[in-house]
Amino acid sequence: MTEVKQPMDPLIEQLEQVKGRVAKVLELAKSLGADGAEVAMSRQQGLSVGTRLGEVENVEFTNDGALGITVYQQGRKGSASTADLSEKALTQAVEAAVNIAKYTSVDDCSGLADKEYLAMQAQDLDLYHPKALTTEQAIIIAKECEQSALDSDKRITNSDGASLDCFAGFKVYGNSHGQLVGYPSSRHSLSCVVIAGTDDQMQRDYAYDVNRDFSLLESGVSIGKKAASEVISRLNPQKLSTMKVPVLFRSDIANTIWGHFIAAISGGNLYRKSSFLLDALDKDVFPDFVSIEERPHIMKALASSAFDSEGVLTLDRDIITDGTLQTYLLTSYSARKLGLTTTGHAGGIHNWLVNDKNIVSRGNKEADFDAIVKTLGTGLLVTELMGQGVNIVNGDYSRGAAGFWVENGEISYPVSEITIAGNLDEMFKGIVAVGADVDKHGSISTGSILIDEMQIAGQ
Amino acid sequence: MNSVEQVLLADSQIDDAVLSKTLKSIMGRKVDFADLYFQSSQHESWMLEDGIVKEGSYNMERGVGVRAISGEKTGFAYSDDISPLALQQAADAAKGIADAGKGVQVQAFKRQSPLKIYQAVEPLGSLTQEQKIDLLHQVEAHARQADSRVSQVIVSLSGVYEKVLVAASDGTYGTDIRPLVRLNCSVLVEDNGKRERASAGGGARTDYSYFFEVEQGKARYLSYAEEAVRQALVNLVAVAAPAGTFPIVLGAGWPGVLLHEAVGHGLEGDFNRKGSSTFSGKIGQKVCSELCTIVDDGTMADRRGSVSMDDEGVAGQYNVLIEKGILKGYMQDKHNAKLMGVKPTGNGRRESYAHLPMPRMTNTYMLAGESSPEEIIKSVKKGIYAPNFAGGQVDITSGKFVFTSSEAYLIENGEITTPVKGATLIGSGPEAMQKVSMVGNDLKLDAGVGVCGKDGQSIPVGVGQPTLKIDEMTIGGTQ
């Protein structure tokens, strides 16, 4: 079988070469008449292995590169991108962007980020931990993960398999303010999807882990067991009757609630007056025990970044303090539209930590989860959400859900085929507690969110 | 040599001999099947907001994907460089998985001339840059003229010109040129501090002249603007939707997203080969009400979801999935068809050369029935009429699916009355489809806006249906 090349050295070498190419592309843009230009170039290589029912299903070698350029010409903007990185294609891309800028309109707010906010150096955030695995080694890891799920319970009847993905790559960003920065990063993930039950009573569920550092990835055995226990717990679900009850969003899906909050305070929606949180700065959006901090420079973290996608230096920020909104999430463009300054959020957020000052951790995630289920008392624990029924303009929320009915602080039985509905503004203010059972899989570290009341629709 | 072969092969010093040699080098080991997928695409988009054209972008992609199949195993590698050397490196990586196959001979290429379901037009050059800009401004002006409560308009235009070439060890050799255009108008309306947003648009596998064609007495680009404003104004006065179980009447056209979620995904061959779909092993069984005949049709002229040939070189087909409620067959790609002992159905599709093909839908719709839309509405004492949806999602294993309305009304005593806010509807695929009790005579396809996501791959699709009634579904309102 094929041995995967040790990606580390060639990639770092390439990163330096790519910086040179980015500088050249910027020069070319200038020579073609652009008075401002920015170029982003990325490269990613990896191995993805999938196994199912103990056999190899897929072995994929990924190798992606892309270059994007935006030029500005007297307030007009043009963009182009290419996945073909030959000299000829890069020249074509620059020419295409310059040509487009002849036809777009003058926009006073467009242009590069202001020089004073740029990160002229890329701080090393320890994001690069490539792992050289042979396909055979990768297959063994995926097989072991799936086998652990299959062996966990007789009621596991089928599998959608396990997969191991290891990626390493880099990003380079440069602009005509003289900024030229880049950094390498890696990302490894292991996941498993299994099926329990038969015929019309089948359920599926999954478990996964993802980390920049392969050695910190949760073991396949543990991921497999989790997937099995999740799917077994879902068997023979019931529908609920239509009613209003307290709802607990389990920590692994609670990030979706913060995601709607992110959309509502993002500059693009604010200047378009398309958010239910217009003019919410310095106002109470959540109860006073809720705080959210952003920490972009946590070593090895998934959403760590020294600069945003416009090259703006990222900074530690308080987003919510004692329930009050401290900042919007702005790009240079949306900031200018709103008469403010950029907050370094082009391309998204960077590591949010959600905290409820009334909640004290009991020291382990399970106990912390049990504690918040006790706080729920009687109501709905949501573990899965379906569909896109969220309207950021007015905050209306209506989504499909599955989870568990909780009676007097104890999980009673699984439920499915119901919807939960409310209004995000009221849901935010109706938060009763945020658990200490923090999920750290994504860019938002949050515990489960307990909301005082939502409308459930069922039979 | 056609223009696709020129661009994808000849310009990179690749000829038949190189293709054969590459395939042979893969098949030398225990490989059952191998294919090479060459692709180039150009994509442009333009966006108008606040009365000015703020953004324009141009994207180029080009590459080759190499796949080797051995038993149930698939090896895959790709390169964004099309050259004999890159091709051989990708082939060497892809064949590494082989240990279960039989080692089949490479067949001589049989050059196919696929059906011309759409014309080989180049959309990007079909209007001058000035004309594209002018089109954006006209849509905006029309939306603003439609109502004084329109406070913002965003108009976007995009065009794709794609060339693909497939060469496979089974002798398949096919080329296709795939144009695709899309125009969208999104508006924000404001009245007494209340705001609502809505959007409308359409597209097809042709060039930009599509938007100037007159349909029902009006050029399409003008209809999109009016439709976006109309929907936003409806929602401005919408009241909270009810919560609970009600009869639902779905409008004709885009609400066919119901079929895509409740039935379509569950009938894709990969899930059924693995036995992971709620429809697995049910061929010949009654899975819907007998009023339902559902097809997946890749052969509709110029439709967004159509394929002259699929991404494995199999001609697009008209496939009956469900006939009068009885499950007839699944949608297949070559790999899953072979493992299940059936024929491929022209549903092997992939997002790009950098993605593996899978069984995917094309244009999925329900055939017309006999009821008039009016009598369907009249038959409902208290329920919901939903003529427009935002999108949906399905869990193919449990069969649970959702879709979210973007325009809906109460039905009271057989009459459409008050508009209600967007709400999510949830049901179980086979159960909901058994409860289809009336099917309209007004079959309509969507306007050409569908995007389907599966395993991280997005592709254009179409949906459609006549007006239909489901006796009971759960609607997730707040009242």
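Chain B has a mean pLDDT of 95, and 99% of its residues reach 70 or more, where pLDDT is the predictor's confidence in each residue, from 0 to 100. This is a predicted model, in which local features need pLDDT of at least 70 and side-chain atom pairs count only at pLDDT 80 or more, while totals for chains, interfaces and linings use all residues. Residues are numbered from 1 along each chain as its sequence is written, chains are lettered from A and ligands numbered from 1 in the order in which they are written, and side-chain values use heavy atoms, with hydrogens and water left out.

**Confidence**
- For the complex, the predictor gives an ipTM of 0.94 and a pTM of 0.96.
- Chain A averages a pLDDT of 95, with 98% of the residues scoring at least 70.
- Over residues 1–7 of chain A, the pLDDT is below 50, and this stretch has 18 contacts in the model beyond near neighbours in sequence (contact means heavy atoms within 4.5 Å).

**Interface between the chains**
- In the model, 74 residues of chain A are in contact with 74 residues of chain B.
- About 5800 Å² is buried between chain A and chain B, and carbon and sulfur atoms give 49% of this area; buried area is the accessible area (1.4 Å probe) that two parts lose on being put together, summed over both.
- Tyr103(A), Met386(A) and Glu417(A) supply 12% of the area that chain A buries against chain B, more than any other three residues.

**Helix pair in chain B**
- The axes of helix H4 (residues 129–146) and helix H5 (residues 220–236) of chain B come within 9 Å and cross at roughly 40°; axes are lines fitted to C-alpha atoms, for helices over the stretch in contact, with angles from 0 to 180 degrees between N-to-C directions, and helices are DSSP runs (H or I, at least four residues) numbered from the N terminus.
- H4(B) is therefore oblique to H5(B), a class for angles that are not under 35 degrees (roughly parallel), over 145 (roughly antiparallel) or 65 to 115 (roughly perpendicular).
- The residues making this contact include Leu135(B) and His142(B) of H4(B) and Tyr221(B) and Val229(B) of H5(B).

**Helix pair in chain A**
- Helix H3 (residues 135–152) and helix H4 (residues 220–233) of chain A have axes that come within 7 Å and cross at roughly 40°, which means that H3(A) is oblique to H4(A).
- Among the residues in this contact are Cys145(A) and Ala149(A) of H3(A), together with Gly224(A) and Ala228(A) of H4(A).

Technical notes
Helix = DSSP H or I, 4+ residues; strand = E, 2+ residues; numbered from the N terminus.
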